[in-house]
Amino acid sequence: MLYELRDVHYKDILHIKEMDISEHRTTCLVGESGAGKSTLLKLLNKMNIPDRGEIRYKGNSLESVEPVKHRREAVMISQTPLLFGDTVEENLQKGLVFSEKPLASREELLKILTIVKLDKPLDARAEQLSGGERQRLSLGRVLVMKPAVYLLDEPTSALDEETEIEVMKSFITCANGHGGTIIMVTHSTNVAEEYGEEIITIRK
Ligand SMILES: Nc1ncnc2c1ncn2[C@@H]1O[C@H](COP(=O)(O)OP(=O)(O)OP(=O)(O)O)[C@@H](O)[C@H]1O
């Protein structure tokens, strides 16, 4: 198992008796608004620390794992896409800069833009992108990093249904190609049914 959660309590928000998340599969987290899905993703990348219980990652307690190191391995993109730099290119490279890894080549970046279906030049101003384009830029940024785990919070919520399915399909193919595991919050039953190899419902 990639993650094993046992009797995890976080404030009054979340109580998970038992949850296992498999490696190399796509797990979709679904549930009503306010159920605690984003809170759970933050527990998985150690932005939130449980008050009680245990989260194990690859067999080791997350308690003993260094948070910054863990967040480079289990990379999260938040529900509201953030910009990290002036241009599309800077935004795509930023994850590598934060992780102190070598930058990606121009060819690699152009390939990533195709994968996330973002039809913009590398020197385009990021602040001029629409909400849906910023979401795809965020997806591109994490793909460039090739992390072990992708924690995605409603990554395609601003896209129309057809584009959402297309983008997730090529994103998942690429991430799986690098041996990555995807754990994704989605409101879309279409996405969950189409791509969720495992679907976990979070209840209040
Ligand atoms: N840091 C915090 N302190 C106190 N309460 C919080 C905190 N973060 C989230 N909450 C509350 O916890 C509950 C769960 O929030 P969370 O964002 O995890 O839900 P969600 O399932 O992702 O919702 P949505 O689908 O609307 O994004 C909400 O009631 C929220 O107001």
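**Briefing: an antiparallel sheet and a ligand shell**

Strand 1 and strand 4 run antiparallel and are joined by five bridges, where strands are DSSP E runs of at least two residues, helices are H or I runs of at least four, and both are numbered from the N terminus. This is a predicted model, in which local features need pLDDT of at least 70 and side-chain atom pairs count only at pLDDT 80 or more, while totals for chains, interfaces and linings use all residues. Residues are numbered from 1 along each chain as its sequence is written.

- Four strands form an open sheet in the order 2-1-4-5 with antiparallel pairing, two strands being paired if DSSP finds at least two bridges between them.
- The edges of this sheet are strand 2 (14-21) and strand 5 (60-61), each of which pairs on one side only.
- Strand 1 (residues 3-10) pairs with strand 2 in the antiparallel sense over seven bridges; Tyr3 has Ile21 as its bridge partner in strand 2, and Glu4 stands opposite Asp20.
- On strand 4, Ile55 stands opposite Leu5.
- Strand 1 and strand 2 form a hairpin with three residues between them, and Lys11 in the turn has a positive phi of about 45°.
- Helix 1 (residues 37-44) lies across strand 1, strand 2 and strand 4 (52-57), running at about 120° to strand 1; axes are lines fitted to C-alpha atoms, for helices over the stretch in contact, and angles run from 0 to 180 degrees between N-to-C directions.

**The ligand shell**

- The residues around the ligand are Lys11, Ile13, Gly31, Ser33, Gly34, Ala35, Gly36, Lys37, Ser38, Thr39 and Gln79, a residue being near a molecule if its C-beta atom, placed from the backbone, lies within 6 Å of it.
- This shell divides into two nonpolar, seven polar and two charged residues, where Ala, Val, Leu, Ile, Met, Phe, Trp, Tyr, Cys and Pro count as nonpolar, Asp, Glu, Lys and Arg as charged, and the others, Gly among them, as polar.

**The chain as a whole**

- The chain holds seven helices and nine strands.
- Its radius of gyration is 16 Å, close to the 17 Å that the globule rule gives for 204 residues, so the chain is as compact as a globular protein of that length; the radius is taken over C-alpha atoms, and the rule is 2.2 Å times the number of residues to the power 0.38.
- Buried residues, with 20 or more other C-beta atoms within 10 Å of their own, make up 38% of the 204 residues.

Key
A residue is buried if 20 or more other C-beta atoms lie within 10 Å of its own, exposed if 12 or fewer, and partly exposed in between; C-beta atoms are placed from the backbone. Two residues are in contact if their C-beta atoms, placed from the backbone, lie within 7 Å.
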